[in-house]
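The sequence and structure come first.

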Amino acid sequence: MTPNQPATSVPHPIGDSVTRVDAKEKVIGAALFSDDLQFGPGLLYARIKRSPHPHALIKRIDTSKAQALPGVKAVVTGESFPGMTGLYLQDRHIFCRDRVRYVGDPVAGVAAVSEAIAEQAVELIEVEYEPLQGVFDPEFGATSEAPVLHPDLGKYKVQNFIFPKPGTNISNHFRIRKGDVDAAWSQCAAIVEHSYRIPHIQHVPIEPHVAVAKVDENGKVTLWGTSQSPFAQRNLIAIALGISQSDVEVIAPYVGGGFGCKAGVSMEALAVAVASKTKGKPVKLRLTREEEFYTAFVRQGMVAHFKMGCDAQGRLLAMQNRFYWDGGAYTEYGVNITRASGYSSSGPYDVPNVKTDSFCVYTNHPVGGPMRGFGMPEMHTGLEQCIDELALAIEMDPVQFRRINCVQGGDTLVTGMTMHPTGLSECLDKAAKAIDWGRKVAPSAPNKRRGKGIAAMWKAPAMSPNASSSAKVALNEDGTVTVSVGGQDIGQGSFTIAAQMAAAALGVPIDWVRVATPLDTNYSPYEWQTVASRLTWSMGNAVAAAARDARQQILELVAKAWNEKIEDLDIVDGNVISYKSEETISLKNIAIYGLPLPNDQGWIGGPVLGRGNFMPTYVTGLNAETGQGPRAVVHYTTGVQAVEVEVDLDTGKVQVLRGVGAFDVGKAINPEMVKAQMEGGFVQGMSTALFESLQLKEGVLQNPSFVDYRIATTSDVPMDIQSIIVEVPQDDGPWGARGVGEHSMVPTVAAIANAIYDAIGIRVGAPPYSAEKVYLAMVDAGLVKEMEG
Amino acid sequence: MALHHITLTVNGEFEQVDVPSQMTLLQMLRDKLALTGTKNGCNAGECGACTVMVDGEAVNSCMVLAVECQGANVVTVEGLAKDGVLDPVQQAIINHGGVQCGFCTPGMLISARALLNRNPEPSEDDIRAALVGNLCRCTGYVRIIEAVQEAAKRQKALN
């Protein structure tokens, strides 16, 4: 049994919507999250002194008053921590040393016997600053007039596929040069040019970041925390502190939502640094909701300039893109978002001539990091509106326009990579049909206008080329199975998927399978990070391999004991059976203790422990000047969303009436959980389309609360959200599967913007499409008259 | 710091607790009674993750002082299941796939239970209104609303 069998012969329970393995403990309040762990009376509490300036030199730090406060156990500053950290570009210190670069930048940390005393001590730390001119716009930041925020950029360690420009604020410049764009414009029947500004937004998981760190007398670090990336944290913290990875243990219980902000390393390093001065005593750092808004990773802002043209038949001929990413104070992670948007910059279309310049720019804004979609929602927001405009310009239906141009297996992509088989056109047709594309429906009231919109998307896992996974499958005395993985369940259901895959590959009932929690880097097998929608595919391959390994061990053992051939044996429902002798034996008798040889000749076997790993070996580098190379990415997941909206002419309020998503997931391992991802992503996308924006004024966040930063609630969602699964198998996916967690919020903003245009004939511009903004746009366009009085 | 001795009922159990004046009900539940099922999402009454029932009414426990709960009857997520049998809202949210990360789930379930106690046959709009203060970032709410609808039906069939 291999994981790559065609969909017709998939083993149980692949493709079954089994109940989440963690559902019950979550509904009874028993599931433990980081804040729920108990550390006893020795626990200390940390608070952080943060910069009030967006950009300044640190002239002096005086911690003496804080040190003297009763109950304070340690005060630390950057002086003690010269090491640097960062995932793709090591551009951050744990605490600032000579300069602060955003409002909230950590300057010092305190550990005390209570949170209140720690907070009091933070107030007593005196810091003298020399404020400097700030950079608050990425386009300005990329010019030579802008102050340089990282004078040492040329000295930072960087992965070889990131291209910083020392002496500037550009920490990565990714280029695509495919075909000849300049020559193509003259052949175009229509050309559209449009710029979009995408605001910063926040992930806002309902669970704030928590880290508890302990450093023992030997320097061994233990870290408990809200983590999508225990192994990346182990690695980066070890590097920053100059210690061995084997002396860092990261323990990660359930995560209350991640969406990217709990990937890589951020506040966890602060807790470890503080704990290094309170030897043996654990130190807990918990971000307040306010801190969560501007000191955790944010989704980067972006300024995007699109130019695209097609011929009279609607064939896309050329695209020219300039993306300025507002990377914030540190772009250790954001540099790869810049790269991802570059290598995917054609959108899901076959375009012969593409020129893209994607810049990651340092600014004095909060630190940009990975968020669900990893640059794709931001890019598609503008790109998919331009596609609609181009279709309109040649008077072609937008669905038909996308049908003509959408990417197909065998196409040569912007990077020169050959596209694998994909179901995008099927997604397009099914989404259009489900939303009754082309059928106008009367609005619900005379003061309303109704419209439909559609948008397509693609996204590849953005990661290091050799990001890898591993898994263990161990059998217990009663034949039940413990699956160990290093990938986290952040709500997407990865533990359930792992259990299903292990059950299927081994041949045991799903309720015999347990997933080992919490993740612990000392006991869980290595996983790069829980990001990039890569677990079902990559970790899934490792789990399937481990289960097959265990299966092979069992079959070899039984074959020897029964003197039969392995080919005649099978494991079905937890029993080894022989198709030849029709013998059967339960796993529970053999998984630990082995089997006796005939005639009392001793025993064979022993505890069964399967191992598996997976690492893509085929991703190549891309040319620094042209972005060309044989294989830019592992694969693309493609899909389409369509919406129907109503716009209130009196208030500007946009109501999303229904939504449809169709995504090619290769193979849905658990269809209901796939649909849950499609729905949840749709609503998160809708929330960003209608409500969300971090309002930054000279680097100071104006709305760090749920009152002022509104996210979608039960009052905003349409009940009619249809999710359509398309399955064109992935050649190296387990049973053909590829990921879908992030993709469902990629096209949403564009689909809603296109629907608003269909309703009122106005391109509102930068999201969010708040009632106020839409209303004022309607006034400007003369569609409504401003109310008097 | 003055401590107040309070007595109250939590999930049907009689409890006596010494609490400082400024301690919230949320802190008391989590730190004094080790009932960590109730979550702290914002500590400002804005996200609903800490919702518990006090004398039958769903409240944000981060906005209630523990001393105010003298003599109160408090129900948290740990108190919903009876003798190992899940409350209909717990079973329904599992059936409908309304749980993802699970961090909003305890508060969501308490708000739903409080609604069904006062209004056993809620309309869709009633459900939306009852849950509007419970933020969820994973599910998109639809499966949760459907779960409450199902729970109402199951409950009616049981009674």
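The model is predicted. Chain A is divided into three parts: domain 1 (7-31 + 467-614), domain 2 (34-132 + 208-255 + 262-295) and domain 3 (301-463 + 621-780).

**Domain 2 and domain 3 of chain A**

The C-alpha centres of domain 2 of chain A and domain 3 of chain A are 36 Å apart. In the contact between these domains, domain 2 of chain A supplies 20 residues and domain 3 of chain A supplies 26 residues. The computed count across this interface is 1 salt bridge. Glu332(A) and Arg92(A) form a salt bridge through their side chains, at 2.9 Å from N to O. The rule also finds 12 residue pairs in polar contact between domain 2 of chain A and domain 3 of chain A, both residues being at pLDDT 80 or more. On the side of domain 2 of chain A that touches domain 3 of chain A, helix 8 (residues 289-295) of chain A gives the most, with 4 residues. That side of domain 2 of chain A has 11 nonpolar, 3 polar and 6 charged residues.

**Chain B and chain A**

The contact between the chains takes 52 residues from chain A and 39 residues from chain B. Within chain B, Gln100(B), Arg137(B) and Arg143(B) lose the most area to chain A, together 22% of what the chain B side buries. Between the two chains the count is 6 salt bridges. One salt bridge joins Arg143(B) to Glu679(A), with the closest N and O atoms 3.0 Å apart. The rule finds 21 residue pairs in polar contact across the interface of chain B and chain A, both residues at pLDDT 80 or more. Elements giving two or more residues to the chain B side are helix 2 (88-95), helix 3 (105-118), helix 4 (124-131) and helix 5 (142-158) of chain B. Helix 5 of chain B gives the most to that side, with 5 residues. By class, the side of chain B that touches chain A has 19 nonpolar, 11 polar and 9 charged residues.

| Interface | Buried area | Share on carbon and sulfur atoms |
|---|---|---|
| Domain 2 of chain A and domain 3 of chain A | about 1900 Å² | 65% |
| Chain B and chain A | about 3700 Å² | 59% |

**Leu597(A)**

Leu597(A) sits in the loop between strand 26 (595-596) and strand 27 (603-604) of chain A. Leu597(A) counts as partly exposed because its relative accessibility is 25%. Beyond its neighbours within four places in sequence, Leu597(A) is in contact with Gly602(A), Trp603(A) and Ile604(A). Leu597(A) and Gly258(A) are separated by 339 residues in sequence and by 52 Å in space, C-alpha to C-alpha.

Definitions and conventions
Residues numbered from 1 in each chain as written. Chains lettered and ligands numbered in written order. Predicted model: local features only at pLDDT ≥ 70, side-chain atom pairs only at ≥ 80, totals over all residues. Heavy atoms only, no water. Domains from an automatic or database assignment. Contact = heavy atoms within 4.5 Å. Buried area = accessible area lost by both parts, 1.4 Å probe. Salt bridge = Lys/Arg side-chain N within 4 Å of Asp/Glu carboxyl O. Polar contact = N/O pair within 3.5 Å; in protein donor to acceptor, adjacent residues only side chain to side chain. Nonpolar A, V, L, I, M, F, W, Y, C, P; charged D, E, K, R; others polar. Buried < 20%, exposed > 50% of the residue type's maximum accessible area, 1.4 Å probe, protein only.
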